Amino acid sequence: MTASIPRDGWVLRRGDADYPTALEDLPDPPARLFGRGAVEALRLPSLSIVGTRRITPYGEALCELAAQIAVESGLAVVSGGALGCDMVAGRKALDAGGVHIVVLGTGADVAYPARNAGLFEEAIRRGGAVISLEPWGMQPRRYAFPKRNRIIAALSAAVFVAEAGMPSGTFSTAEAAVQVGREVLAAPGSVFSPASRGSNYLIEAGATIVPDAAGLECALSRIYGTLRHEYAPDPSAPPPDTVAQQVLGALTATPLTAEELRCVIGCDARSCLELLSELTVAGRVERLIDGRYAASAAALLERSLHGAQ
């Protein structure tokens, strides 16, 4: 039995004034869109951010970077509301004061995954929307998610792939984006990281490479004809710790064991462990499940925004 329309819900039909014209580029535009929140959010220029559910600190930092630059460039952020890249991008968009549009594979009144229910409600409170092709009350169905991905691809003029392995559901979004003439942006990852194989493959196949924050800013400026609000460093911030920056630089390139890191930065074992401990407590380094150390998402984002020291 189909659930009744929620109090803050609405239904758009193809031909309605508020129906997103971007969806007309699809070979078979949806006849109806079910949604909650601000219907006018669907008319905002937006960047779709997609990627793996099994996110790494590197992927997390990429999602945060892309969402922040998008908001600072006057764009809404579109995601699929899933765990991993979707969740991080949506949260960062809201934290940066932007608009988040969530495209679900369930009914627009069904929080899936349930742990993201708070994120969806906050997106609505802050002027965004939660939309779906599925009727009210529809629970997760495997066939619905590829359909959802086509909407994510079509809503925005560009799709940013933060991190994707192979095989990956992210590819269906990227393929749909190409089919409707949207630009696919992808950040390269380590050739040794399974989590980046898909992203690297997309670049090889013709996606626009995003080498750094400035590259993404330039790409968005070119695609959307907008300028990003300039980032102003805090003049009262203390000067960077040279050794700590050396450690973060090494761990940004690739996760390392304490012994490997010691050899890279040229210090004794005790000093290396003490420094790793300090950086871990400060939230700038994470210890991975295999015992190696990696720069945290927060540290990677900070280095990208400030420029590597």
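Helices here are DSSP runs of H or I with at least four residues, and strands are E runs of at least two, both numbered from the N terminus. With that settled, welcome to a tour of this predicted model.

Let's start with the largest pocket, which holds about 560 Å³ of space. Its lining is made up of 24 residues, and Thr 56, Tyr 58, Ser 193, Pro 255 and Leu 288 are the closest to the pocket's centre. Two or more lining residues come from each of helix 1 (57-72), helix 8 (242-253) and strand 11 (293-295). Helix 8 gives the largest share, with 3 residues. By residue class, the lining of this pocket divides into 14 nonpolar, 7 polar and 3 charged residues.

Next comes helix 2, residues 85-95. Here 8 of the 11 residues are buried, so helix 2 is largely enclosed by the rest of the structure. Among the buried residues are Cys 85, Val 88 and Leu 94, and the charged side chains of Asp 86 and Lys 92 are buried too. Just after helix 2, Gly 97 takes a positive phi of about 85 degrees.

The backbone holds some further details for you to check. Most residues other than glycine have a negative phi, and most peptide bonds are trans.

| Cis peptide bond | Omega | Loop holding the proline |
|---|---|---|
| Tyr 112 and Pro 113 | about 0 degrees | between strand 5 (100-104) and helix 3 (117-125) |
| Met 166 and Pro 167 | about -5 degrees | between strand 7 (158-161) and helix 5 (170-179) |

How values were computed:
Residues are numbered from 1 along each chain as its sequence is written. This is a predicted model: local features need pLDDT of at least 70, side-chain atom pairs count only at pLDDT 80 or more; totals for chains, interfaces and linings use all residues. Side-chain values use heavy atoms; hydrogens and water are left out. On a 1 Å grid over the protein atoms alone, a cavity is a set of points where a 1.4 Å probe fits but cannot get out, and a pocket is an open set with protein on both sides within 12 Å along at least five of seven lines; lining residues have an atom within 4 Å of a point. Grid points are joined across faces, edges and corners, and a volume is the space filled by probe spheres set on the points. Buried means under 20% relative accessible area, exposed over 50%, partly exposed in between (1.4 Å probe, protein chains only).
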